[in-house]
Amino acid sequence: MHLLRHLPRTLLLSTVAAALMACPGPPVDEPAPDLRILPVALDLGAVLLGVGATGTVSIVNNGDAAWDPGEAPGLAGADLAAFAITEPCALPLAAGGLCAIGVTFTPTEARPHRVELTIPSDPAVIVPITATVRGVRFTPATLDFGGVQPGDTVSGSISIENVGSDVLDVPLAVEGAGFVLAGGARTVPIGVGASTDVQVTFAPSGVGAMNGRLVADLCADTDCDPGAALIGEGAVPVVALSPASVDFGAVAADSTANATVTVQNSGGAELVVSALELADASGFTTITAAPTLPATVAAGESVTVTLRYAPTQGLAALDGQLTVTSNDPATPSATLAVTGSTPGPGLVSSPTALDFGVLDEGEAAELDLTVRSSGTATAVIDAIALDTGAPFSIVGALPTLPASVAVGDTLTVRVRASAGPNDLVGRADVVRFTLQGAGDRAVPVSFAGGASGCVPTVVEPFVDISNVALGTTESASIWITNGGTTPCVLVSAVQAPDLPFSSEITFNAGGLATIAPGATGALAFSAALASEISVAGSVDVTFQNVAAMRLTAFAAGVVPTLFSEIDGVDLGILPDGCVFGEQAVVLENTDTVDVIIRSITIEPPGSPFVVLDGPSPLPAGLVAGRKDVITVGRVVAPEGSYQAWLVVRGSANVVRVPLAMEVSAPGTAITQRYLAPSAAMLDVLFIVDNSGSMSDDQEELATNFPLFLAQPQFNDGSVDLHLGVTTTDTDAGGEEGRLIGDPFVVTSDTPNMATEFADNARVGTGGSGDEKGLLAMELALSPPNVPGFNDVFYRPEAALAVVIVSDEPDSSPDTVQYYVDFLRGIKGGGLAEGLVDLSAVIDGVYGTGYIEAVAALGGMSLDITTSWGAQLGSLADGLADLPQIFRLGDVPSGGVVNVSVDGAPAVGVQVDAPNKMFALGVRAPVGSLVEAVYNGACSPP
């Protein structure tokens, strides 16, 4: 039964009425925005790299109320950096209104990109925006040619890379006066991901800044093509010398004064300094430091030249001039006056050197030599004589001696030169004027030897093609120089008929076809050996109108295990009775197993060479990867030329090192020969004690190292530095000679050199207390570190300096002499002894071993118990000139050493007689032959 049936009627009606009153009528609409987004996804397509493209997303409000979301539409996504809203939607957006959101895409990377545009609403609307990339990338984006002289042309390269997904034909052209695209405007095809390089030249016709563009015509619109900016300046170099003149003032005799001249480029283009000439009739001024020429000086930069005034006698007025030759079009030769004076008596000669030119055998000539009293007091001459005499002589009557020459007055003597049969290479001597109480005035005299016809000469009539690794071919040449006045024309070069000639040796005489006077030709030998044997071949060479000469090549096939680090030993020309010549030969075992050295001999027996020191007793083992030193010297021998072999017989192979020397008549000059090193490379190895007491000294080195780097040669580009650091800890787990730091090699190209080195020099104090500095030196420069980890530091062609810093004695296992010979031998021994240096910062009480080694190699010792860091500049001063220092075997008499480079007189030679060394004023070419001729204790004049 339904319940309603039992309710009172009145109650039912009232309830229905109430229900009717509560029921709502038809709905009433509220005003609201209604958004329509076009497009729902935006694809910008393939866009040019670096150019960009813009797309639009439109919002239409179809509602009857304004749209005001409270926040603007925005972009989001991983590639947001490449997109930007460049035209925002103005809010609120009225009913029926329209707004356009501009989105710009500017790609910097060649890949697809995506972001999302979020439009706030309920719910939010997401519009994905995508783009791909096409076109090219230019590297560099700007090519700066710098300052270029009008009339000159400079080239630069720009790489063009296709960064899209299709092969492109890229139309290229150059805009801007003065800029030219090599090959002209053209279309270049570039594959996907590929690149091509093009050359652009800049040749300004005038002065001033110039701009242009290299353009790829890939865009139809104006100014939207990708390209690279081109900038340059038409400019000229301008040389400026500072100070305007140099005045040394009054400098006492036997004293020195230095002055620095700055050569600055105050123009806008590169200044090229091609020559530096110092004119001084007195001969007292020299250039002691200068950039390697030709030197390029950038706009606004400068280089320095150091002048030294070192008078040995009185000079009333120094009247010199420094001339700087450059490409400055306005002042190609800039000059400044160099003045000074020296109180006391003095002489200057005219000419400054007496050169008789070329004299043939039997020819004689006479020249006048005039000296002027140039000082501030009367010059009293006690003696006038030649140092050596024949073939020079003073002819005519000499004034009564002692002779007084008033200030400004002159005295003339006549000198005669007569060329004899032994003077084909020329002769030199000195006319010496001895001043009373004022030293000597030495005037060089010389002549060059002449000869008629073809005069073929050789330094050595044999060549050793050493250590020919089995299965390979090695070559070497014998050089023949024509010392005559007419060409040497080759008639024949044939195998010697009376000697066996190995089939494994071949020769080529093409370099001897015609040798001009003064020129050199080569007979080239090659050897290709298949077994460990020694072979030889001799060739008889005949030139027109000249007797045949026999030239021989030797070769030995080896399994490359035991090697000599030098090609030969040349002790030079030494007078009879002079026996100081010696040289170190370094042997290296390159194998992974030990070898046995069975014998060390000189062949043939009876030759005047002797082994002074070496592995002992024999047989002796040479550990795998290690080196050992053999010192070769000489004994007294009659006059003549001598050649022999140092023969080392090992368990794996035989090493043959050629030996040579010449013994001259008693009393003749000493001649020593050197091979010139690289003129611009210096490796400096610091061995720093890392035991517990060294913290303060490591800091001393690190803090003061800018003083070491302050040398002009280290800053003007004339010396290329390598700096390495290891420790005295050679125990297992220590450095054992391995370089440390980051970077472990600091070079001239390293930014913040002093800071980087300082970090490396702070090696810590946790190392072994059993310091072995000399052993660490050997390990750092031997296998497995060289060749190996330290190869980046060590350059065979560079000069080498070692600096040991330790407050304790050296505990290295071998003798001090062993390590001295090792260091000498690593750079070629006596032939290049000037290429190595050992210095030390030590305690003089404990460091006796270090002191002995430093003294043997001519280095510097600093006292570690003082504030020694302030002296790092002095230590560096000695090392900066190391590539041009050469050591003598004897003290030169009178401090006079005649030096030649490849036969030509050397310029600006400085002699340090007490320390038995000399330095070249102009560095010799790499590999050139430097000869020093002088008289010493064993060759008195």
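Three disulfides are counted in this model, a disulfide being a pair of cysteine sulfur atoms within 2.5 Å. In general, a disulfide is a covalent bond between the sulfur atoms of two cysteines.

Two notes before starting. The model is predicted, so local features need pLDDT of at least 70, side-chain atom pairs count only at pLDDT 80 or more, and totals for chains, interfaces and linings use all residues. Residues are numbered from 1 along each chain as its sequence is written, and side-chain values use heavy atoms, with hydrogens and water left out.

**Stop 1: the whole chain**

Now switch to a cartoon view. Eight helices and 66 strands make up the secondary structure. Both are DSSP runs numbered from the N terminus: helices are H or I with at least four residues, strands are E with at least two.

The chain exposes about 41,100 Å², and carbon and sulfur atoms supply 54% of it; areas come from the Shrake-Rupley method with a 1.4 Å probe, and for residues only the protein chains shown count as cover. Of the 941 residues, 46% count as buried. Buried means under 20% relative accessible area, exposed over 50%, and partly exposed in between (1.4 Å probe, protein chains only).

Colour by charge. There are 33 positive and 101 negative side chains. Lys and Arg count as positive, Asp and Glu as negative; His and the chain ends are not counted. The centres of the two sets lie 4 Å apart, with each charge placed at NZ of Lys, CZ of Arg, CG of Asp or CD of Glu.

**Stop 2: C89 and C99**

Select C89 and C99. A disulfide joins them, S to S 1.9 Å. The torsion about the S-S bond is about -95 degrees, so this link is left-handed. C89 sits in the loop between strand 5 (83-87) and strand 6 (98-105), and C99 is in strand 6, ten residues apart. C89 is buried at 9% relative accessible area. C99 is buried too, at 7%.

**Stop 3: C454 and C488**

Move on to C454 and C488. Their disulfide has an S to S distance of 1.8 Å. Its torsion is about 100 degrees, so the link is right-handed. C454 lies in the loop between strand 35 (440-450) and strand 36 (456-457), and C488 in strand 39 (residues 488-495), so parts 34 residues apart in sequence are tied together. Relative accessibility is 14% for C454, which counts as buried. C488 is buried at 0%.

**Stop 4: C578 and C938**

Next, pick C578 and C938. Their sulfur atoms are 2.1 Å apart and form a disulfide. With -50 degrees about the S-S bond, the link is left-handed. C578 is in the loop between strand 46 (569-575) and strand 47 (582-589), C938 in the segment after strand 66 (929-934), so the pair ties together parts 360 residues apart in sequence. Both cysteines are buried.

**Stop 5: helix 5**

Finish with residues 773-780, helix 5. This helix is mostly covered, with eight of its eight residues buried. Among them are G773, L775, M777 and E778.
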